[in-house]
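Welcome! Take a moment to look over the sequence and the model below, and then we can walk through some of its features together.

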Amino acid sequence: MANYYDLDDILMEEEYVTVHFKFEAKGLGVLDPGSEHDDIEAGAVVDIPLWLAHDLCLRKFVSIKLPSFYNERIRKEIQADASCVDLGRYCPYFYELGLRLAPISPDPTLGSFLLYCLQGRYKDMLCKAHTVALTTAPKFLNLLTREETQLFEAARDSVKSYNKWRFQGARLERAAVLGRKRRLNALLSPFELT
Amino acid sequence: MEHVTAVVELLYQFGVNSMAGRASTELESSFFSGAEVEFLAEDDMVVIVPSLRMDTLHLICGDFGPFMPQVPASVPLWLGIAMKKRGKCRLRAPEWMSVENLTQVLELERESSQEFQPLPFHYVEVSRLLLDNARDDLVDVYMVQTLIEDIRNVRFHKVQTGLQTLSGKTHAVKLKNLGAMEVSLIRPFFVKALEKFYVHDNEELVQPSQGETDTPLASVDRHPRRVLRPR
Amino acid sequence: MAMFGKKGAELVREAKQTLATTDQFRPFNKDLFEQVVKETEEHYGHLQERMSQIRVNDSTEGGDPNFVGGCAQHRSVLRNKRCLLAYVNARMSKIKHLRWDLGAVLPDDITGNLSATERTFFQGYSDALSSYMAEINLDLTVDSTPPKDPYVQIRVIGNLGEVLLDDQETSLLPHSIHFMTRTEAEPLVMQGLLEIYQG
C-alpha cells in the first residue's frame, strides 16, 4: 500500500473511471453532468475519480468499466512493439492505476498485461537510460508514463552525478534554495563562529 | 596490498526502500553519492615513498610510520594524498594500475561476456584519485587513464546486457567482481526497477491462465528465480 | 459548491510544484488551502444531511439511496483531508531541509513565504536540533559531503566585515581570498556568502 502522504499516489487516484451505478444515490447529482437533479439514478453511467469509485465499488454500489487504454487494441500495440507505444499519452499513471483496478476489475488478465508491458518496455529503457546524451531531452521520453519517467531519471541522474564526480570532484556549493542570481548583502550579520 | 575480492549484491530490501525512495525523490538519501564512495575508497592502502623523516602518526585507524626518506611505507590513500600535497612523499601506483596489467584485463574483459575480471573494489575511485593528485609520480598517465575508462565502459555494457531479464522473482542480483562505483552508478535504477517488478509480478494480480488462449499475455508471468552471474 | 476533490487535487499539484522548485521556496497557498477546508466542511454538512435521512432497518436490497450518497460524501471528506495533510507534510519536509542548509536564521524572502504555523514549526525544529547538537557537543550540519582537507581556500562574495575566525579577528572584504578551516567555511558557503576558490 502506498504511503498516505505520497503525492503521486494521490494524483493517480484523481484519474477518472467510468462506473455504473447499481443503486440510486442521493445528493450526488453534481458528479453527473447529464443529470438534471440532485440525485443519481440507479443504472446511470458516470465518470468519477478513482478514489471515490474504488470505495463505492468495494461496497458493491457501483461496477467499474476499465478505461479504454487497457483494451484489446492497445494490448495488440504493446505486443507488436512495446517500447514504441505512447503510454504516457493514454495515462501518466498507467501502471499504478492498473494495479489499483486489477483486484476490482471484471478482467482477470489485466495484471498479467501490466507485467507484460513492464517487461517489454523495461529492456529498452535499460539500454537507453544510462547511455542517452545527457543534454538533450530524448524524444522517447515523451512516450513514457510517469512511473517510467521516474525510473529513467533515476538512471540519468546517477550518470550525471557520476560525470560530475569524474570531472569536477566533490565540492561545497551554496544551498540551491537561495536561487542563482541572489546576491546577499550584509543581512545575516550575527554569525557565531566559535 | 590487500586485494578486495568484490562480491557485490544488490540486495533488494523492499520494506525499507519503497517508502524512502518514493517520498523524497529530490534527496535519494538511501544511495551513495560519488563523493561518498570516493570517501570510502580513501581507506584503501597505498605505498608511498617518503622524502623526509617523520615520526609515527597515531591515528584512529592505526599507527603509521615512522617514515624514513626513500623507504617505502604503506598508508591509507587519504593520508598518502595529504602528504603528497604537502610535498612530503611520492605515491607509488599499485601493481594493477600498470599498462601491461590493464591491457590484459581489458582483453579478458572483452573476451568473456559472462564474467568480470577481478579488480580492486575501488578501482575507479583509486585510479582517479591517483591520476588527479599524483600525475607526476605515475608512468604512462594517458594510457592508464584511457585503459581504465575503456575497461569501465566494457564492464558497464556487460552489466546492462546481463540485467535485461528482471522479474518479480528476482530478489537479489549477484554481480561478482563489480566495483563500488559501478554498483553505485546502477543502483538507483535497478532498485527502482526491482521494486516495480516486485509489485507487478505477484500471485494475486497475475493469475495463471486457466485455459484462456485468447491472449498470449497470460503466459509471461512465470520466471524461475534467477541468479544472473554464475559463481 | 463542493466539487468532490477537484480543489484538493489542485493543492496536491501545488505541493508537487513546491518540491520540484529548487531555486526558491514557494509561498504557502493560503487561498487554495482554505478553499479545500471549506469544501470539506460542505461535504461534512451533506454527510450529516444524508445520515439524518437514513431510515433505520431499511430492508431494501443493497443500498438506501441516502446511504450510497452518504458514503460518497464521507469519502470526499477523507479525500480532502488526505490532500490537505499531504500538502502540509510536503512543505514540512522541505522546511526541515532549510534548517540543515541555511542554519537557524532564514533570509527574509524565505521567511515571508512560510505560513505562521510553519514559522513556528521551523523555530521549534531548529531549537530542538540546536539543543541536541549543544548536548552532544557536535555540529551535525557541517560536512554534508565527505571532507577532504581540513583547510579550504575561499573567496568572499557577500559583505561580511569583521568576523571572528579561529579566535582571530579577520576582515572578510568582498572578493578577497582567504584560507580557513572547512568547518568554519561550510555554513557560509551554503548561505552563499563565500565560495570555494580553486585557483
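Does A:Lys60 count as buried or exposed, and how many C-beta neighbours lie inside 10 Å? A:Lys60 counts as exposed, because there are 11 C-beta neighbours inside 10 Å, and the cut-off for exposed is 12 or fewer. Please keep in mind that this is a predicted model.

**Backbone details in the loops**

In chain A, the loop between α2 (50–58) and β3 (62–65) holds A:Lys60. Its phi is near 65 degrees, which is a positive value in a residue other than glycine. As background, most residues other than glycine have a negative phi, and most peptide bonds are trans.

B:Asp140 is not a glycine, yet its phi is positive, at about 50 degrees. To find B:Asp140, look in the loop that runs between α5 (123–133) and α6 (141–162) of chain B. B:Asp140 counts as partly exposed, with 15 other C-beta atoms within 10 Å.

Chain B also has a cis peptide bond to look at. The bond is the one from B:Gly65 to B:Pro66, and its omega is near 0 degrees. B:Pro66 sits in the loop between β4 (62–64) and β5 (73–76) of chain B.

**Chains A and B in outline**

Stepping back, here is how chain A is built. Chain A contains 7 helices and 3 strands, and along the sequence they come in the pattern α-β-β-α-β-α-α-α-α-α. Of the 194 residues in chain A, 40% are buried. Take the contacts in chain A between residues at least 6 apart in sequence: 61% of them join residues at least 24 apart.

For chain B, the count is 7 helices and 7 strands. Their pattern along the sequence is β-α-α-β-β-β-β-α-β-α-α-α-β-α. Buried residues account for 35% of the 231 residues of chain B. Among the contacts in chain B with a separation of 6 or more, 75% are between residues 24 or more positions apart.

**Chain C and its domains**

Chain C has two parts to find: domain 1 covers 6–136 and domain 2 covers 151–196. How far apart do the C-alpha centres of domain 1 of chain C and domain 2 of chain C lie? The distance between these centres is 40 Å.

Leaving aside residues up to four places away in sequence, C:Arg26 touches C:Gln17, C:Thr18, C:Thr21 and C:Asn113. C:Arg26 and C:Gly112 are 86 residues apart in sequence, and their C-alpha atoms are 9.8 Å apart in space.

**Two helix pairs**

Two packed helices are described by the angle between their axes and the distance between the axes. The table sets out two such pairs.

| Helix pair | Angle | Axis distance |
|---|---|---|
| α2(C) and α3(C) | about 160 degrees | 8 Å |
| α2(A) and α3(C) | about 135 degrees | 10 Å |

Let us start with the pair inside chain C, where α2 covers residues 30–53 and α3 covers residues 65–102. Their angle of about 160 degrees makes α2(C) roughly antiparallel to α3(C). The crossing of α2(C) past α3(C) is left-handed. The residues of this contact comprise 10 nonpolar, 11 polar and 3 charged. Those on the α2(C) side include C:Phe33, C:Val36 and C:Leu47, while those on the α3(C) side include C:Gly69, C:Val77 and C:Leu84.

The other pair joins chain A to chain C. With an angle of about 135 degrees, α2(A) is oblique to α3(C). Here α2(A) passes α3(C) in a right-handed crossing. From α2(A) come A:Trp51, A:Leu52, A:Asp55 and A:Leu56, and from α3(C) come C:Cys71, C:Ala72, C:Arg75 and C:Arg79. These residues divide into 5 nonpolar, no polar and 3 charged.

Technical notes: Residues are numbered from 1 along each chain as its sequence is written. Chains are lettered from A and ligands numbered from 1 in the order in which they are written. This is a predicted model: local features need pLDDT of at least 70, side-chain atom pairs count only at pLDDT 80 or more; totals for chains, interfaces and linings use all residues. Domain bounds come from an automatic or database domain assignment. Axes are lines fitted to C-alpha atoms, for helices over the stretch in contact, and angles run from 0 to 180 degrees between N-to-C directions. Helices (H or I, at least four residues) and strands (E, at least two) are DSSP runs, numbered from the N terminus. Angles under 35 degrees count as roughly parallel, over 145 as roughly antiparallel, 65 to 115 as roughly perpendicular and the rest as oblique. A crossing is left-handed if the near helix is turned anticlockwise from the far one by less than a right angle, and right-handed if clockwise. Two residues are in contact if their C-beta atoms, placed from the backbone, lie within 7 Å. Ala, Val, Leu, Ile, Met, Phe, Trp, Tyr, Cys and Pro count as nonpolar, Asp, Glu, Lys and Arg as charged, and the others, Gly among them, as polar. A residue is buried if 20 or more other C-beta atoms lie within 10 Å of its own, exposed if 12 or fewer, and partly exposed in between; C-beta atoms are placed from the backbone.
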